[in-house]
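Here is a friendly walk through a structure, from a single residue out to the spaces between the parts. Please keep the viewer open as you read.

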Amino acid sequence: MLKKLFVDFKNGLWRENPIIVLVIGMCPTLAVTNTVENGLAMGIATSFVLLSSEIVISTFKNYIPNNVRIPSFILIIATFVTFTDYFLKAFFPDIAASLSLFIPLIVVNCLILGRQEAFASKNPTHRAIADALGMGLGFTWVLVLLSAVRELLGMGSIFGIEILGSWYQPMVIMVLPAGAFISLGILVGLMNYLKRRGN
Amino acid sequence: MDTKISKLILTLTVIGIISAIALSFVYQWTTPYIEQHQMEAREEALRDVIPKAQEYEEVEKEGQIFFEGYNSGGNRTGVAMIASGPGYQNIIELMVGVNLNSQKVYGIKILTHEETPGLGARITGDDYKENYIDKPFGDYNVVKREPQSELEVEAIAGATISSKSVAKIVENAIEQIQDVYGGGA
């Protein structure tokens, strides 16, 4: 039983990683990964929304008629996203300011709705929790890795702390949207290569 | 699939009501903190853009909010206003403080913006903001070299649009302050 839960958890980390394997939730992935702080905050916020909505939906799935399943899911997700938005604005105003409109946009992140459809609406609550934690962590680690690469090459710093000295001429393109596409493409390619070699 | 329509309506209504109730509690809980942050940010901005004042007063003139700074003797040392205009990605909102006696800008403070991090976002940095300290009123010229005349503003390398946007917003704000307060003190 515990082993099965661990399989659900591990699924999102690597084998079905939302970003590099399923390639969903691309909008925040490309938009907010210009600094590690933004990437990490986005990952945590998305994981929180994913976890709370998977818990609620897997618990109450039998009361939700099939015909209104999608609007019901969206309502529940939107509630948690609004909560997150207020919470960040009240207690982490700096992060809220730098992520600004990408927090409300978590509502339409297809990772969240996708997991409700594919997992939470078909499985018991404890398995949904394992799935949400795995997917959330899988989403977060890729965001952090991607933003670390972009911040280091684009600004010469990590978490706003200068790492590369003044000799380094920042590659401005890395903090622009084009840099997001380039680094994500290389990352996905690298992961696919590693996976093929593993088989 | 033949669920009765009344059940569908009921389900969505119940979810809607529960979520509205929950969110109204969250709203009540967080609003005081959010308002406090906004007030602190505004006070900090005022201290930056009207440096010599001891007390600040909010006044409404001709439908526009201005902030007046007074020194310990009760004399008005400067006027500030919040102005906004289009930036590279979205609206830039900033505060401008001016000295009406010497017809010069005290300084500016960016309140909100969504410029590109590492490029346009450097409008919030001291290097760029120093451009406006003790700047005479007038039409500003954004240049890509060391400023040679008093009305020139040095652009941020790679972010000319953001630099120009800020200069434009500052220009307009000064005009508005001058319109309302007249030329003199």
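## A buried valine in chain B

Val49(B) counts as buried because its relative accessibility is 0% (buried means under 20% relative accessible area, exposed over 50%, and partly exposed in between, with a 1.4 Å probe and protein chains only). This is a predicted model, where local features need pLDDT of at least 70 and side-chain atom pairs count only at pLDDT 80 or more, while totals for chains, interfaces and linings use all residues. Residues are numbered from 1 along each chain as its sequence is written, chains are lettered from A and ligands numbered from 1 in the order in which they are written, and side-chain values use heavy atoms, with hydrogens and water left out.

You will find Val49(B) in helix α1 (residues 5–49) of chain B; helices (H or I, at least four residues) and strands (E, at least two) are DSSP runs numbered from the N terminus. Leaving aside residues up to four places away in sequence, Val49(B) touches Ala80(B), Met95(B), Val96(B), Gly97(B), Tyr106(B), Gly107(B), Ile108(B) and Lys109(B), where contact means heavy atoms within 4.5 Å. Between Val49(B) and Met95(B) there are 7.3 Å in space, C-alpha to C-alpha, although they are 46 residues apart in sequence.

## Where the chains meet

Chain A brings 26 residues to the contact and chain B brings 22 residues. Together they bury about 2100 Å², 79% of it on carbon and sulfur atoms; buried area is the accessible area (1.4 Å probe) that two parts lose on being put together, summed over both. How many salt bridges cross the interface of chain A and chain B? The rule finds zero there, a salt bridge being a side-chain nitrogen of Lys or Arg within 4 Å of a carboxyl oxygen of Asp or Glu.

## Salt bridges within the chains

Over all chains the count comes to 10 salt bridges. In one of them, Glu117(A) pairs with Arg69(A), with the closest N and O atoms 2.6 Å apart. This pair links distant parts of the chain, 48 residues apart: Glu117(A) sits in helix α6 (residues 110–120) of chain A and Arg69(A) in helix α4 of chain A.

Asp131(A) and Arg115(A) form another salt bridge, their closest N and O atoms being 2.9 Å apart. Asp131(A) belongs to helix α7 (residues 125–155) of chain A and Arg115(A) to helix α6 of chain A, so the pair ties together parts 16 residues apart in sequence. Both Asp131(A) and Arg115(A) are buried. Over in chain B, a network of salt bridges links Glu44(B), Asp48(B) and Lys109(B).

## Pocket and cavity

The second largest pocket holds about 460 Å³ of space. On a 1 Å grid over the protein atoms alone, a pocket is an open set with protein on both sides within 12 Å along at least five of seven lines, a cavity is a set of points where a 1.4 Å probe fits but cannot get out, and lining residues have an atom within 4 Å of a point. Grid points are joined across faces, edges and corners, and a volume is the space filled by probe spheres set on the points. Of the 18 residues lining this pocket, Phe60(A), Ile76(A), Val14(B), Ile15(B) and Ile18(B) lie nearest its centre. With 10 residues, α1(B) gives the most to the lining.

One cavity of 30 Å³ or more turns up in the whole structure. The largest cavity has about 40 Å³ of space, and its lining consists of Trp14(A), Ile20(A), Val21(A), Met191(A), Asn192(A) and Lys195(A).
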